[in-house]
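Dear colleague,

Please find below the structure that I am handing over to you. I would be grateful if you would look through it before reading the notes that come after it.

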Amino acid sequence: MGTDPFNLTSLTSSFAGLLKVFEIVIALLFIVYSLFVLKEVSMMNKALASQLAPRLKSIAHLQLLIGIVAVVVLLLILLI
Amino acid sequence: MDTVPSLSPQPAETTTFESQTSDEQVLLILRAHQITNAVWIALATIMALLPLVFAVLGIITQINKLFQISWALVFGFLIIYYLFIFAFVFQSFLTWYFNVYLVTNKRIVDTDFVPLFYQKISSCELEHIEDITASINGFLQSTFNFGDLMVQTASEKNEFRFVNITNPEDVQKVIEQAMDKHNGNGSV
């Protein structure tokens with residue numbers, strides 16, 4: 001144990017940077033998706049006003065916030 | 001006419017909708033039975049626990065020492081993974097929540113909604129309703145008392161299908177009573 005007979009360590013490290021960038025791109029797409037969801041929730045809340053409407057909008061905002069935080073964290077990881 | 005809170009998952013009188021007229025009263029707000037959410041809830045739970053299972057397996061078998069993948073990469077992957085789970089859960093809930101059927105003292109309204117893909121709101125006046133059929137099929141529907149309600153109409157949309165709603169037979173009665181009152185054939 002602890003050895004690397006197939007030289008997998010160097011193989012994975014060569015792709016590590018690329019994968020980190022890919023993760024950031026996915027997180028950015030998540031932000032775009034969250035914006036669309038927020039828009040749709042606002043639209044549907046207008047079409048059907050119910051007691052839960054403000055909470056749903058808050059969760060949609062939270063989703064957007066989580067996406068932004070994720071991008072920031074992933075950028076920090078990339079820079080480390 | 002009184003509202004029927006036992007059939008609605010939320011108080012009907014507190015809900016309004018965009019095309020509602022001033023003298024229109026919401027009698028019922030119907031959604032698919034809560035049990036229909038069990039599939040996506042179970043799937044999301046399994047997905048959320050999966051990395052933990054892999055981590056434990058990795059520690060037990062010590063396979064992680066063989067590969068030596070950087071913690072940053074794994075952490076980044078986990079962030080993306082849990083973003084997807086969050087989005088999946090929220091989207092599934094929204095799909096359930098906004099696929100709503102309304103019965104008012106004037107019409108029935110069917111809202112079909114799939115976030116980002118599809119949204120359609122159809123309505124039919126009560127006088128255009130021709131036939132209503134409630135059906136409860138199978139073990140699960142019989143156990144939890146939910147099923148479908150088919151409403152045949154003479155309007156542009158020939159058929160309204162209320163899918164997996166709670167207590168479809170009682171909903172059928174409420175619609176029929178509302179029709180009677182609306183058409184002036186009886187009192188409720």
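Predicted model: local features only at pLDDT ≥ 70, side-chain atom pairs only at ≥ 80, totals over all residues.

The extent of the interface comes first. In chain A, 40 residues are in contact with 40 residues of chain B. The size of an interface is often given as the accessible area lost when the parts come together. Here the area buried between chain A and chain B is about 3,500 Å², and carbon and sulfur atoms give 74% of it. On the side of chain A, the residues that lose the most area to chain B are A:Y33, A:M44 and A:L48; together they account for 17% of what that side buries.

Next, which elements of chain A give two or more residues to the side that touches chain B? They are helix 1 (8-47), strand 1 (48-49) and helix 2 (53-79) of chain A. Helix 1 of chain A supplies the largest share, 19 residues. Sorted by class, this side of chain A has 27 nonpolar, eight polar and five charged residues.

Strand 1 of chain A is joined by two bridges to strand 1 (residues 16-17) of chain B, and the two strands run antiparallel. A:L48, already named for the area it loses to chain B, has B:F17 as its bridge partner in strand 1 of chain B.

Yours sincerely

Notes:
Residues numbered from 1 in each chain as written. Chains lettered and ligands numbered in written order. Heavy atoms only, no water. Contact = heavy atoms within 4.5 Å. Buried area = accessible area lost by both parts, 1.4 Å probe. Helix = DSSP H or I, 4+ residues; strand = E, 2+ residues; numbered from the N terminus. Nonpolar A, V, L, I, M, F, W, Y, C, P; charged D, E, K, R; others polar. Pairing = 2+ DSSP bridges.
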